[in-house]
Number of protein chains: 2
Amino acid sequence: MNDSVTIAIDAMGGDIGAEVVVHAVKLTMDRQPRLKVILVGDETVVKAEMAKHDLHIGERLSLHHCTEVVQMDDPPSVALRSKKDSSMRVAINLVKEQQAEAAVSAGNTGALMAISRFVLKTLPNIDRPALCTTLPARHGHTHMLDLGANLDCTAEHLMQFAVMGSTLAEAVDNVKSPRVGLLNIGAEEIKGNDQVKHAAKLIAASNVNYIGFVEGNEIYAEHVDVVVCDGFVGNVALKTSEGLASMIGYYLRDTFKSSWYGKLAGLLALPIIKTFINRIDWRRYNGASLLGLKGIVVKSHGSADASAYSHAIEVAMIEVAKNVPNMIEQHLQPLLRSEATQ
Amino acid sequence: MNDSVTIAIDAMGGDIGAEVVVHAVKLTMDRQPRLKVILVGDETVVKAEMAKHDLHIGERLSLHHCTEVVQMDDPPSVALRSKKDSSMRVAINLVKEQQAEAAVSAGNTGALMAISRFVLKTLPNIDRPALCTTLPARHGHTHMLDLGANLDCTAEHLMQFAVMGSTLAEAVDNVKSPRVGLLNIGAEEIKGNDQVKHAAKLIAASNVNYIGFVEGNEIYAEHVDVVVCDGFVGNVALKTSEGLASMIGYYLRDTFKSSWYGKLAGLLALPIIKTFINRIDWRRYNGASLLGLKGIVVKSHGSADASAYSHAIEVAMIEVAKNVPNMIEQHLQPLLRSEATQ
C-alpha cells in the first residue's frame, strides 16, 4: 500500500463533464491497481455516473462533494475569487493539504493556472507556471511549452520555460542534457520578433543545452527534445497539429473507400491501418503538465473522451512517481545560479 | 498567342538554386503550352542547367542575365539597397516594366517582400503585403495569411489581411462572401492577446463575412475559407503542419514494414497508399502569393523540389488569368469605404 498514488480529480470541469471523467476513472482504476482517486464534484451528479460504471466509495475511491463549477467562459479572476467551493479549486486544495499527490482537471485553462498558482504557489525563481505536453517525434517524443497558459511572454519567461522543460525531459526521459530549441520562423526570415531574439540570448547564457532556433517542422523531427515558445504560438501549433492529424485520418479512410480495389486492399490492410491510426491518435498524448508549481497539476484537453482523459490521469501518476516538482526545484537551482553569474 | 502568360522567374534564389528552378521550368513548359518564361540569373549557370534539360532560348523562353544573388541571410535592407542587379530584383523589375505578368522566386522572404513593395508598390489602403497560401481542408481548401512576411502586426494589419484574403478566395474560388476567421486560442482561454481582440472588432466592423475566432484545428476543417493571423503564428502553423505530415508519411511506411503481414498488405495496398501520400504531399500546395501589391509575385518554398516549384509557377499563372491584383483593388474599395463609414 505504500506505493499507492492518490489523485484528486475535478469531476465537473471542461466541456466533457462528469460522464467522461467518471468513465475515465473506471478505465484507469482497472488498469492501475496502485491508483487511488478522490472525485471532486456535485455528489448527486457524480454518484449517478459512478452507478453507471458500478463504481463504489471504498478504500481506492472517495468522493468530495462541492457546490460550484468553474465554467469554460469564467474569467480566471472570477473563478479564483468567487468560486471557492468549485470542483477545480477543491481538487487543488487537496494537493495543497497533502490529501492528494496530484490534481487533474479538464476545465478552463486560465482559471486552472490562476487557482494553481494562488493555492500551490510557484517554485523559487519561477514567475509563471507553463503548460507542457509531449508530442510524437519520428523516434520518440518532444516536450513543448508553453501551450496556452501564458499569452504574452517576456524573454525572461521563455528562458524559465526552457529551464523547466529541460528539467522535465531530464527527469521523465532519463536523458542527460536534453536538447532545447526556441521556436522561430527560420533562417530565411528576419529571424523572429524582438521577444524571441532576446530570449535566445538569455537561454544561450543559461546552462541548458541550447541548440538554437527551431522551426515548426522540427517539433516532429528527432534532433530536439524540448521546444520553447509563448502560449499563443504553442497553442496554435498544438491545435493545428490535432486538426491536420484528424484530416489525414479522414483522407486515409476516404482513399481506401474510393475504389473497389481500395476497399479490398483496405480490408486486408485493416489491422495495419488501425495500428497506424492509433499511432497518430492525439488522445495518446493528452495530459499537459502545469510546470513550475509546488505541486502536480495536469490539464486534460477540454473535449477529451474517456480514453484520452485516462491518459491524463496516468501522466499525473508518472509525475508523482518521479516527484517532478522536487526534481525541477533541484535542477533549477544550479541552472539559475549559473545564469545569474554570467 | 494572345492568351499566353509571361512569367519572370528568379533562377538563382533560395536554397535550391538554378538546378531545381530550371528543371521546374522544363516540367511546367511541357505541361502548360500557354506559358512563356523569362529566366533571370547568371547566364553561365542558367545555360548549363538549360542544356541538361534540352531547353533553348526561343519564342517561349528567354534569359535575362544579371550579376547578383540575394542570399538567404541577407538582411532585406541590404538586398534592397546594395543588390540592384540581383536575380530577385530584376525579375520584379520585369513585372513593373510590364515585360512579365508575374514573378516567381524561392529566395529570402524578407528581401522578396521589401523589394516587391519598393518596386511594385502596395495597392491603395494596404500598408503591407501579406503572404497567403492555400492549405487542404476535408472537402476543398483554406486560404491562410500572413505566413511570415509580417512578424509584428497591428490589429489594422490583420483587418487588411482579412479583406485581402476574402477577396482572393472570392476571385480564385468563385465563392460569394467567403467565411473569414481570425486565428485564436479558443473559447476556454482568456480569448487571445490584445492584438487579436482589437482585430476582431475591426474585422467584424468591415463587411467581410467574419465568422469569429477559429482555433488551429479549424484550418483543416470545412467551415472557414480564409484564416487570418500574424506572420509569426502563420509561419509556425504552416511549418508545424509540414513536419507533422512528413512524420505521418514516415509512420505509415514504417507501420506497413513492421510485420510480414504488413509487408504483404502494403504490397497489395501500394497504389492506394501512393494516392493517399500524394493527397497529403505539401508540395501540391507550394506557391504563396504576396497579396496587396500592384503586381503578382509568388514565393516558392525555399527547399522546394522541381515538382513543388512547378506548382508555384502554376499558381502565378492562375493569378495572371484572374488578374488578382485588379480584383483585390476592386473588392477593397467598397469594403474599406464601408469600414470607414462605421
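Predicted model: local features only at pLDDT ≥ 70, side-chain atom pairs only at ≥ 80, totals over all residues.
## Chain arrangement

Chain A is superposed on chain B by a rotation of 180° with 0.0 Å of shift along the axis, and the RMSD is 0.0 Å. The two copies are thus related as by a two-fold rotation axis.

The copies meet through the same surface, because 100% of the interface residues of chain A are also interface residues in chain B.

## Domains of chain A

Two domains are assigned in chain A: domain 1 takes in 1–126 + 292–323, and domain 2 spans 132–282. Between the C-alpha centres of domain 1 of chain A and domain 2 of chain A the distance is 26 Å.

Six residues from domain 1 of chain A and six residues from domain 2 of chain A make up the contact. On the side of domain 1 of chain A that touches domain 2 of chain A, at least two residues come from each of α5 (109–120) and α10 (306–322) of chain A. That side of domain 1 of chain A consists, by class, of three nonpolar, two polar and one charged residues.

## Nonpolar core

The largest nonpolar core contains 242 residues. Within this core, the residues with the most contacts are A:I7, A:I9 and A:V228, together with B:I7, B:I9 and B:V228.

For A:V228, neighbours within four places in sequence are left aside here. The remaining contacts of A:V228 are A:L145, A:L158, A:F161, A:A162, A:G165, A:V180, A:L182 and A:L183.

Definitions and conventions. Residues numbered from 1 in each chain as written. Chains lettered and ligands numbered in written order. Least-squares fit on C-alpha atoms with pLDDT ≥ 70 in both. Contact = placed C-beta atoms within 7 Å. Domains from an automatic or database assignment. Helix = DSSP H or I, 4+ residues; strand = E, 2+ residues; numbered from the N terminus. Nonpolar A, V, L, I, M, F, W, Y, C, P; charged D, E, K, R; others polar. Core = buried A, V, L, I, M, F, W, Y, C linked by C-beta atoms within 7 Å. Buried ≥ 20, exposed ≤ 12 C-beta atoms within 10 Å, placed from the backbone.
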